[in-house]
Amino acid sequence: MTQARVQGVADDRFEGVRSQFQTHLDTGADIGASFCVTKDGETVVDLWGGFADMEGTRPWEKDTIVNVYSTTKTMTALTALLLADRGELDFDAPVAKYWPEFAASGKADVKVSHLMSHSAGLSGWREPMTNDDLYDWEKATSLLAAQAPLWEPGTAPGYHAITQGYLVGEVIRRVAGKSVGTLFREEIAGPLGADFHIGLPASEDARVADLKPPADASISADPTMTEIKKITFSNPGIDVSETRTRAWRGAEIPAAGGTGNARSVATIHTILANGGMANGKRFMSEAGCRKALEEQIQGTDLILGIPVRYGLGFGLSGPMSPALNKHSMFWGGYGGSIALIDMEAHTTMSYAMNRMEGTTTGDMRAITLAMQAMPGLMA
């Protein structure tokens, strides 16, 4: 295996970022990864390096993409925020206004905001599910519509690890008449030229990096396992090898199945960081962007077991949050990917990698890179 080198652009202010990234590769903390920073809509750091496979035979190239698990949720949330900004979706309205079947089993008063903030009580399926069922949109959504909540909606946060994408995605489909992946591509990724996909075309498979599962192999290996946690994480269980299949990549799994890289994630979130403007085009109003910062619920997450503050689709600043101030927000993906958005500083940061850690909320690799970037951003 040849030595992995960091490639890409970062001016002298961000030499510490490049050095830290190289350290990650040299020590094996990363096999292959990408890291990107934008400021005022301009890309100031765009780095990548390492290998796209475990054997070190495929270099991680500029256009390498990878499954980023729950960082995908930020794209689904942004698509919903876009519809709300146009007046087509009301977060305070009952879900059943758009999706009448959802009113079943005592859910008539569950709001769209509950779906967006992981407080709807539908963090998993009660009915047995297989991985193949995740590729069946109608089955995944209809079971959730029929199901009674696992806890009283709106009373507590509980991470909707996989289900959030189907719940918010079906509302988007009912409102827009298009799937979330289609609307996201047509209205956001396409116009920005951003290489992020909720439903990856087969033509792009050769560019996808292979994920290496975390050492513990399962985020459900938890001594504090409750029935709700078990339903959330074990039905179906998470199988990282599925991400190498055409079925997974091609399906729209809007909470976990997105494929992209740090550049595409950071570029897309310039919309939120810059008051709705990106690449010279207005996508949303500033007020529509700031809706994401409105706290919906806080407390100890019933699934993650940590204190959280959730806005509309994003985590907000708090004791366990990498968000820097009350104008910033974030989300992380299983294994370590992350998106950070600061509306005050008009910055975005993103990290995507293929060697996974056993975390669902981002990890220290991304944080150390972000910390190295901060002095340059303030210079």
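Residues are numbered from 1 along each chain as its sequence is written, and side-chain values use heavy atoms, with hydrogens and water left out. Because the model is predicted, local features need pLDDT of at least 70 and side-chain atom pairs count only at pLDDT 80 or more, whereas totals for chains, interfaces and linings use all residues.

## Enclosed and open spaces

Rolling a probe the size of a water molecule over the atoms shows where empty space is left. A cavity, on a 1 Å grid over the protein atoms alone, is a set of points where a 1.4 Å probe fits but cannot get out, while a pocket is an open set with protein on both sides within 12 Å along at least five of seven lines; a lining residue has an atom within 4 Å of a point. Grid points are joined across faces, edges and corners, and a volume is the space filled by probe spheres set on the points. With these terms, a search of the whole structure finds four cavities of 30 Å³ or more.

The largest cavity holds about 120 Å³ of space. It is lined by 16 residues, of which Leu-134, Ile-162, Pro-236, Gly-237 and Ile-238 are the closest to its centre. The second largest cavity holds about 70 Å³, and of the eleven residues that line it, the closest to the centre are Ser-70, Tyr-159, Ala-161, Ile-238 and Tyr-334.

The second largest pocket has a volume of about 280 Å³. Its lining has 15 residues, and Gly-41, Thr-43, Leu-192, Arg-263 and Thr-267 are the closest to its centre. Helices (H or I, at least four residues) and strands (E, at least two) are DSSP runs numbered from the N terminus, and the elements that give two or more residues to this lining are strand 3 (42-50) and helix 9 (262-268). Helix 9 gives the most, with three residues.

The table sets out the linings by residue class, where Ala, Val, Leu, Ile, Met, Phe, Trp, Tyr, Cys and Pro count as nonpolar, Asp, Glu, Lys and Arg as charged, and the others, Gly among them, as polar.

| Space | Residues in the lining, by class |
|---|---|
| Largest cavity | eight nonpolar, seven polar and one charged residues |
| Second largest cavity | nine nonpolar, two polar and no charged residues |
| Second largest pocket | three nonpolar, nine polar and three charged residues |

## A pair of helices

Helix 4 (residues 137-146) and helix 5 (residues 163-176) pack at an angle of about 95°, with their axes 10 Å apart. Helix 4 is therefore roughly perpendicular to helix 5. Here the axes are lines fitted to C-alpha atoms, for helices over the stretch in contact, and angles run from 0 to 180 degrees between N-to-C directions; angles under 35 degrees count as roughly parallel, over 145 as roughly antiparallel, 65 to 115 as roughly perpendicular and the rest as oblique.

Contact means heavy atoms within 4.5 Å. On the side of helix 4 it is made by Trp-137, Ala-140, Thr-141 and Leu-144, and on the side of helix 5 by Thr-163, Gly-165, Tyr-166, Leu-167, Gly-169, Glu-170 and Arg-173. By class, this contact has five nonpolar, four polar and two charged residues.

## Single residues

Buried means under 20% relative accessible area, exposed over 50%, and partly exposed in between (1.4 Å probe, protein chains only). Val-37, in strand 2 (residues 32-39), is buried, with a relative accessible area of 0%. Leaving aside neighbours within four places in sequence, Val-37 is in contact with residues including Glu-42, Thr-43, Met-349 and Leu-377.

Thr-243 is placed in the loop between helix 7 (227-234) and helix 8 (246-250), and is buried with a relative accessible area of 5%. Beyond its neighbours within four places in sequence, Thr-243 is in contact with Asn-67, Tyr-69, Leu-211, Trp-248 and Arg-249. Pro-236 also lies in the loop between helix 7 and helix 8, and a cis peptide bond, with omega about -5°, joins Asn-235 and Pro-236.

Ser-105 is not a glycine, although it has a positive phi of about 55°. This residue is found in the loop between helix 2 (72-85) and helix 3 (112-116), and at 39% relative accessibility Ser-105 counts as partly exposed. His-346 likewise has a positive phi, near 55°, in a residue other than glycine; His-346 is found in the loop between strand 12 (338-342) and strand 13 (347-353), and is partly exposed, with a relative accessible area of 32%.
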